Amino acid sequence: MTTSNAPSLILRRMTPDDQAAANALTVAKEQMPFVEPMPLALNTTDLQRDNFVMESNAEIVGFFQIDTQAPAYIAQPMLELCQVVVDHKHQGRGLGRQFIRLLPALLKQQYPNAPGIVLTVNCRNKMAHHVYAASGFHDTGELYNGGPSGPQHIMTMTFDRISSDPVVT
């Protein structure tokens, strides 16, 4: 299914009322090595990570974190995208692609001084790498070897040509 047929998606900061729904999000079995279980992700959030949810039809369908302190593996001061989860019941509907399309505007709005974003994607997670690359992320050609599931591609996106239109909250 293409993004144009996907249900509408809203990206917004997580509120205390979202805690139970976010905690219940799960991924397909084959994706488990690439993300932390939600209870662990929510309990390990520190002061530099902001929690966000993906909402569709008034239902929490996904979650992600933005780390506001640049990781040591990248020379530029960028935001870091972490712990991207689309619940397994909602996968295959174009929500992941829609999320990536909406993300830059949200980040420009929430973090107006940030020059861009960096993420790592496990070398075995070929589908995620393809989706990020097709959505404007640039593979730096370098690997981050500190991940619990093996080496990860380092991918970046700069915000210099991204609109900050208020399309998300």
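Guide: D18 is buried, because its relative accessible area is 7% and the term requires a value under 20%. The model under discussion is a predicted one.

Visitor: Where is the place of D18, and with which residues is D18 in contact?

Guide: D18 is found in the loop between β1 and α1 (19–23). Apart from neighbours within four places in sequence, D18 is in contact with R12, R13, V53 and I60.

Visitor: What makes the link between the side chains of D18 and R12 a polar contact?

Guide: The distance between them is 2.7 Å, and a polar contact calls for N or O atoms within 3.5 Å. The pair is accordingly listed as a polar contact that joins the two side chains.

Visitor: In what order do the strands form the open sheet, and which strands are its edge strands?

Guide: The 7 strands follow the order β1-β2-β3-β4-β5-β7-β6, with mixed pairing. The edge strands are β1 (10–13) and β6 (138–144), since each of them pairs on one side only. Between neighbouring strands of this sheet the average turn is 30 degrees, direction ignored.

Visitor: How do you know that β5 and β7 pair?

Guide: Pairing requires at least two bridges, and 7 bridges join β5 (residues 116–122) to β7 (residues 152–158). These two strands run antiparallel. L119 stands opposite M155 in β7. Helix α3 (residues 95–110) packs on the sheet, where it touches β1, β2 (49–56), β3 (59–67), β4 (79–86), β5 and β7. The direction of α3 makes about 145 degrees with that of β4.

Visitor: What makes β3 mostly covered?

Guide: Of the 9 residues of β3, 8 are buried.

Visitor: Why is the pair of F52 and F64 called stacked?

Guide: The structure holds 4 aromatic pairs. The ring centres of F52 and F64 are 5.1 Å apart and their planes stand at 10 degrees. A pair needs centres within 6.5 Å, and stacking needs planes under 30 degrees apart; therefore the pair is stacked. F52 lies in strand β2 and F64 in strand β3, so the pair ties together parts that are 12 residues apart in sequence.

Visitor: How do you know whether F52 and F64 are buried or exposed?

Guide: The relative accessibility of F52 is 0%, and the relative accessible area of F64 is 0%. Because the limit is under 20%, F52 counts as buried and F64 is buried.

Visitor: Why is the pair of F64 and F99 called tilted?

Guide: The distance is 4.8 Å centre to centre, with 55 degrees between the planes. Stacked pairs lie under 30 degrees and edge-to-face pairs over 60, and the rest count as tilted; the pair is therefore tilted. It links distant parts of the chain, with F64 in strand β3 and F99 in helix α3, 35 residues apart. F99 counts as buried, because its relative accessibility is 2%. Ring pairs link F52, F64 and F99 into a cluster.

Visitor: Which residues touch the most other members of the largest nonpolar core?

Guide: They are F64, I66, L81, F99, I117 and Y132, in a core of 29 residues. The elements that give two or more residues are β2, β3, β4, α3, β5, α4 (126–134) and β7. The largest share, 7 residues, comes from α3. Among the contacts of Y132 beyond four places in sequence are L81, V84, L119 and M155. A second, separate core has 11 residues, including M14, A22, M38 and I60.

Visitor: Why does L79 count as buried?

Guide: L79, in strand β4, has 5% relative accessibility and so counts as buried, the limit being under 20%. L79 and L119 are 40 residues apart in sequence and 8.6 Å apart in space, C-alpha to C-alpha.

Note on methods:
Residues numbered from 1 in each chain as written. Predicted model: local features only at pLDDT ≥ 70, side-chain atom pairs only at ≥ 80, totals over all residues. Heavy atoms only, no water. Helix = DSSP H or I, 4+ residues; strand = E, 2+ residues; numbered from the N terminus. Axes fitted to C-alpha atoms, helices over the stretch in contact; angles between N-to-C directions. Contact = heavy atoms within 4.5 Å. Buried < 20%, exposed > 50% of the residue type's maximum accessible area, 1.4 Å probe, protein only. Polar contact = N/O pair within 3.5 Å; in protein donor to acceptor, adjacent residues only side chain to side chain. Core = buried A, V, L, I, M, F, W, Y, C linked by side-chain atoms within 4.5 Å. Phe/Tyr/Trp six-rings, centres within 6.5 Å; stacked < 30°, edge-to-face > 60°.
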